[in-house]
Each structure stands twice: as structure tokens, then as C-alpha cells.
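Here are my notes for someone opening this structure for the first time. Have a look at the picture, then follow the points in order.

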Amino acid sequence: LTLRLATATRAGTVRFALADPVGQGRYLSAFLRLPAQLRVGTGVAASPAEIEALLTTLTGHVVEVTQTRLTNVYDSVEAYNTTTTGATVPYHVLVLAGFPAGIDDRAGELLARLARNGPRSGLYIVATVDPELDMPRGLDLAALSGLGTTLGLDSSGSLTWDDPDFGPGVIEPDEMPGAAR
């Protein structure tokens, strides 16, 4: 999904914030080859302190967009971007590998705020979840998942989703470049 977003969007319309506490950056390091202006931060956040700092930066972005761009005039970043004659606001995508690994109670609180308030400001979260790990205190995975679309694997290994607009169904992902059939 992250690769598709990176390759299918116009330059300057999306920025990626990367966090990989499980692989210490290994699982998302390929995205460091993207130009710096397409990323938030200089690398892949790997330690709990780095992840909290990244979430704090993203929270600041949401606050800034809400207060200075959207104010009480625009319902969304899309509405703002459509009507502005100035610089548009790029989408921000937090890519989080292995959630809730590396997420302490404070980072969990920030993440929940981003999930609730981020979409209006153009910030979205793409995360893989390890259901075997304990959630940070006060963070309800079902409530957090209810704010978005959940992708999963069924018993046959097919990719499914629970999108409210498109309904349940099986997804056939693009084949990776160079993959043989």
C-alpha cells in the first residue's frame, strides 16, 4: 500500500513518516530512497523515544493545519486544497510496522489522537498489527480500528477488508515488479 501511494501520487502531494520498532528500520528502509521532501524526518523511527518524537511532530502538523489552514472554514484538507490559491497541504501517511511494538502509553495516546483528528488534516495511518502484543494502557484496538479500514488475511490467505463504503470483499493486490507467475 505504501509503495502504491509513493508511486501513484503526484510529486509533493504525499509525505511519509516511517516507524519500524520490530525490524529496527529494516522493513521500511527501502522508503529512505524516496527524496527527502517526501518523508517526515530523516530516517525510520525505531526506538520508543524516536517513535514518540515522530508522533509528536505529526501531532504538531495536525494542529498547525487545523488552526492555520482549515480553521472553522474548511471541513477537510481536500476542501482547503481545492480552493486555495497558495500552497496546498500534502497528505501525510504514518507507516507503522509491528504495532503496538515500540509504542508506550504516551505514544499510544498520541497515536489515538492522530487516528481521531488526523484525517481531517490529511494525515492517515497505515499499520501492521501484532495481535499477540499487549496494547498500551488506555488504547483500545477495536476502537482504533473502527476509525478506519482494516485489511486482513482470511483462512485461505486471501486479503480481505471491512470498508464501510465498499463493503466486505477480497482484494487482489498488484503483483510486485519482476514477480513471476
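1. Start with how α2 and α4 meet: α2 passes α4 in a left-handed crossing, a label used when the near helix is turned anticlockwise from the far one by less than a right angle. Helices here are DSSP runs (H or I, at least four residues) and strands are E runs of at least two, numbered from the N terminus.

2. Before going on, a word on the source: this is a predicted model, where local features need pLDDT of at least 70, side-chain atom pairs count only at pLDDT 80 or more, and totals for chains, interfaces and linings use all residues. Residues are numbered from 1 along each chain as its sequence is written, and side-chain values use heavy atoms, with hydrogens and water left out.

3. Now the geometry. Helix α2 (residues 48-70) packs against α4 (residues 105-117) at an angle of about 30°, with the axes 10 Å apart. Those axes are lines fitted to C-alpha atoms over the stretch in contact, and angles run from 0 to 180 degrees between N-to-C directions. So α2 is roughly parallel to α4, the term for angles under 35 degrees.

4. Which residues make this contact? From α2 come Glu52, Leu55, Thr56, Leu58, Thr59 and Val62, and from α4 come Arg106, Ala107, Leu110, Leu111, Leu114 and Asn117; contact means heavy atoms within 4.5 Å.

5. Thr56 is partly exposed, at a relative accessible area of 41% (buried is under 20%, exposed over 50%, partly exposed in between, with a 1.4 Å probe and protein chains only).

6. Of its 22 residues, Leu54, Leu55, Leu58, Leu94, Phe99, Ile103 and Leu111 touch the most other members. At least two residues each come from β1 (14-19), β2 (39-45), α2, β3 (91-99) and α4, and α4 gives the most, with 6. Another core lies apart from this one, with 12 residues, among them Val14, Phe16, Leu34 and Val95.

7. Last, check Ser145 in helix α5 (residues 141-145). Ser145 is partly exposed, with a relative accessible area of 28%. Ser145 and Ala115 are 30 residues apart in sequence and 9.1 Å apart in space, C-alpha to C-alpha.

Key:
Parallel < 35°, antiparallel > 145°, perpendicular 65-115°, else oblique. Core = buried A, V, L, I, M, F, W, Y, C linked by side-chain atoms within 4.5 Å.
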